[in-house]
Each structure stands twice: as structure tokens, then as C-alpha cells.
Amino acid sequence: MALTEQEILAGIGKIINEITGIPANEVTPEKSFVDDLDIDSLSMVEIAVAAQDEFGVEIPDDQLKHLKTVKDVINFIQN
Amino acid sequence: MSTDQVRVVVTGLGATTPLGGDVASTWSALLAGQSGVSGITADWVDSVPVKFAAFSAVDPTEVLPRPESRRLDRAEQFALVAAREAWAHAAIDKVDPERLGVVVGSGIGGITTILAAYDTFKEKGWQRLSPFTVPMLMPNGSAGWIGIEVGARAGVHATVSACATGAESIGYAIEMIRSGRADVVVAGGTEAAIHPLNIGSFAAMRAMSTRNDEPQRASRPWDKGRDGFVLGEGAGILVLESEEHALARGATIYAVAAGVGYSADAHHIAQPEPTGAGVMLAMRRVLENAGITGADVKHVNAHATSTPAGDVVETMAIKEVIGDHPLVSGTKSMTGHLLGGAGGIESVFTVLALHERRAPGTINVDDLDDGIEVDIVRGEPRALPDGQIAAINNSFGFGGHDVAVAFTSV
């Protein structure tokens, strides 16, 4: 099930909206979780948990800490 | 005589209950004699012998934004909704955070979170647990979140005494202000335990009513046909303040939180002590602690859970310690039993009764049981006298905890 970048972005936008209330259309690839979206480490874990449900992709902790932007997460899920 | 110098007053009220999503709607439904009980519609109803409960009138997930509510256990959701109402009601512009405290307890805490998280853990593994699972299930979670919200640094506490929890929290808060640890304290109780495991467990003790054909008539304190309590959910919160702090900021004062009396039955883990010795001692102590006499007490919001054992013992104790003159109300007849939340909402009712000079009624008392020698307010609410009067809220819990909180009029 090869998802396009757009499909993954839409899924992530939905997840981030659910978890933080940030409107999905503000979730764009170049945004940084900490600096632009004000998302803390516990919220990152929630996002990873939800991503596993949504995309079937597990994001281990040692990988999660390297995912700084939305684009990083899209790339991880695609690969 | 009161042994304490600092007078404590009530400057804010908040509640979310089976009768209404806030204080005003709850109180008006209470005075109108409405019932908050309804049939359980979930699939699991077939697994338990009790087919009804008192669900909150307004679901907290409809009031709280989703990103917030998804990180809170239902008991915490109730507590926050009620605390926000009380805090807004108190309209405190500025308070020194180091003089502001919170005491909010729950009988069982985040039980529905524990049970759902256990299923997730077994079916999908630990990696799929929310990182907020622990803050959701811990019984002090409600107190913690409220403390964060209001900026409380004097101390954030959570008492645990089953069905006496809400009242004990208010008692602790009164003492916290009197001892000089705080000027303002947000205090009360919450519970969200309507779940088949809990109902099954209470049913295994034969503690709950099984009047499945007439749910709204099941909670019937002091009635000959009572057969156990009705489970309810929700939260009740007061803002307590030193009188000096309240007067200095021109606050509206709804009642004086005059005192608290504690005792314990030391008898049985779930049954009340049949002579009422513990209950009487708590009530004697609250009179002394509040500096009032039995004659001053014109209203009692009774614990009265609609159990065969407890209801009459309490009235015997009221007659013995206070007299047969106070107007006694059994509001659990309408709200059901909110467990840890009961002492919270019933303190709200006691304050409102004094403020409006009206004792709520007790519904479903069709056939008054023998041996009841106090004045139960049946049906319609009744007026309370003018002048300086006192009222007491009783709450007793499994474990034999006896708490009586006294309020006086302003």
C-alpha cells in the first residue's frame, strides 16, 4: 500500500488536529514540530501511536527523536 | 466554641451532574423533583443485573475541546468542567499562587481509563498506550489538572474515603485555610465509575437497587421499598476562601463554611455501624468545630443512599445529636449516588439551600419506613427560616468514614 506524499500529509494533518487542535491545513511539510507547531515530547509520542494505527508503521523511540519536521515523518512513513 | 480564628466562606460553586451540566440547571431540576436516572443502553447492560444509572446530563466531551478531553479520564473531565464553573463564579481577579490550593478527590480515580488501557495493552502492546495513560488513571489527576489550571502552589491534595471523599476534601480545604496554609482553596469531589465491572462488583455485594422496571423510582431513601443505591456520575466543586481575603476583594459570599467533623465507625468495611455511634460523633464534632448548637441547625442534607441499612441509622443519629426539628433532604433520590462526587455536589446543594432559604425535597418517599423521627422534606422543597441558621451535609463511606460539614448563612 504505497501512499502518496499528499495522502500521508493529509493523514498526519488529521492526527495532529485530533491531538493538538491545530487546523489540519496548517500542517505543512516544512513545519517543525517544536518550533512551529509547539508540540512537546509527550504529544510526539501520541502522534507516533496514532500514526501506527493510521499507517501501520511503527516509529521506534530512537527514530522518533530524529523526526523534527512534518516532512521527516512523511519520509519515514514512505520508506 | 470554635477553636479557630480564621473564618472560611464559600465564594464559588460548580457542578456537572445527572440533573444538569452546571449549578443552575442542576439546582432547578432538583427543586422541581426531577430524576437524573435512566436506562443503560450500552451492549454491556446484559452482563449486569442493574439496568439503569444516573448518567451526567451533559456529556463532558461535548463541552471540552477534543485535544483536551482525549487526555483526561472521564472523572477528570467532570472535575475540570465543575472547577471551571466554580472558579469563574468566584471571579477571583488576582490571588497569590502560593496562597491558592486545591483539594479534589475521587473514590476510584480513572477506573475507565485503567480498564480500557488494559485491553489496549493486551491486544496491541504497550507501544499503543497513550503517553497520558498514567495521568489519566491516577486518582490525584483531577486535583493536579485543576491546580495547573488555576496556578495553585499552596498545595494540591486528593483525599480518598469512598463516598465521603467529596465532603472530606471540603473539610481538608477548610482546615487548610484555617491553619494559614492558603487563602483560597478549590475543593470537592468527582466520580465517573459507570462501567459494568463496577456495577457487577457492587451488585455482587447486593448494594445496588435492581428496580429495573422503574429506574426513576429506584433511589428512594427512607421508603419501605428501598433496595439499594443507584450509581451516578459527575462532580461538585466549591471555592473556599478566608473571609478576610473575600471581603478585601468585594467577593459575593454564598455561605460560611463553618466547620467539619470527622469520625470513623471502626465496625465493618461496608456496613454502617448499627447504633450510629460513628455518625453521631462526626455530627457532634462538627457542631463543636463550627461553634454552633443543634438548635442552630435548620437543614441537613443527609447521606441517605437508599440502602436498607444506612438510611434509618442516620436519622436516629440526626435526632439524637441535632434534634427532630431540622428539614432533612435526601437528594440522592434525584441525583443518584455520585460516590466520590456526592460530598461535592451535596455541599453545593447545602450552600444553595442556605443562600436561597429553601431545602430541596426528597422524591420517591411513598411509604415512609418505621423508626424515622425527623422531618424529611418529601415532595416539594420547603422554606428555611430567616435569621442566622446552619445546615449540615453528611457523607459516609465504605471503610466506615464519617464526615459532616457545617455551613451557616450570611
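1. Ten residues of chain A are in contact with eight residues of chain B, where contact means that the C-beta atoms of two residues, placed from the backbone, lie within 7 Å. On the chain B side, the residues that touch chain A comprise four nonpolar, two polar and two charged ones. Here Ala, Val, Leu, Ile, Met, Phe, Trp, Tyr, Cys and Pro count as nonpolar, Asp, Glu, Lys and Arg as charged, and the others, Gly among them, as polar.

2. The model is predicted: local features need pLDDT of at least 70, side-chain atom pairs count only at pLDDT 80 or more, and totals for chains, interfaces and linings use all residues. Residues are numbered from 1 along each chain as its sequence is written, and chains are lettered from A in the order in which they are written.

3. On confidence, the predictor assigns the complex a pTM of 0.96 and an ipTM of 0.89. Chain B has an average pLDDT of 97, with 99% of its residues scoring at least 70; pLDDT is the predictor's confidence in each residue, from 0 to 100.

4. Chain A contains four helices and zero strands, in the order α-α-α-α from the N terminus. Helices (H or I, at least four residues) and strands (E, at least two) are DSSP runs, numbered from the N terminus. The radius of gyration of chain A is 11 Å, close to the 12 Å that the globule rule gives for 79 residues, so chain A is as compact as a globular protein of that length. That radius is taken over C-alpha atoms, and the rule is 2.2 Å times the number of residues to the power 0.38.

5. Within chain A, 54% of the contacts with a separation of 6 or more come from residues 24 or more positions apart.
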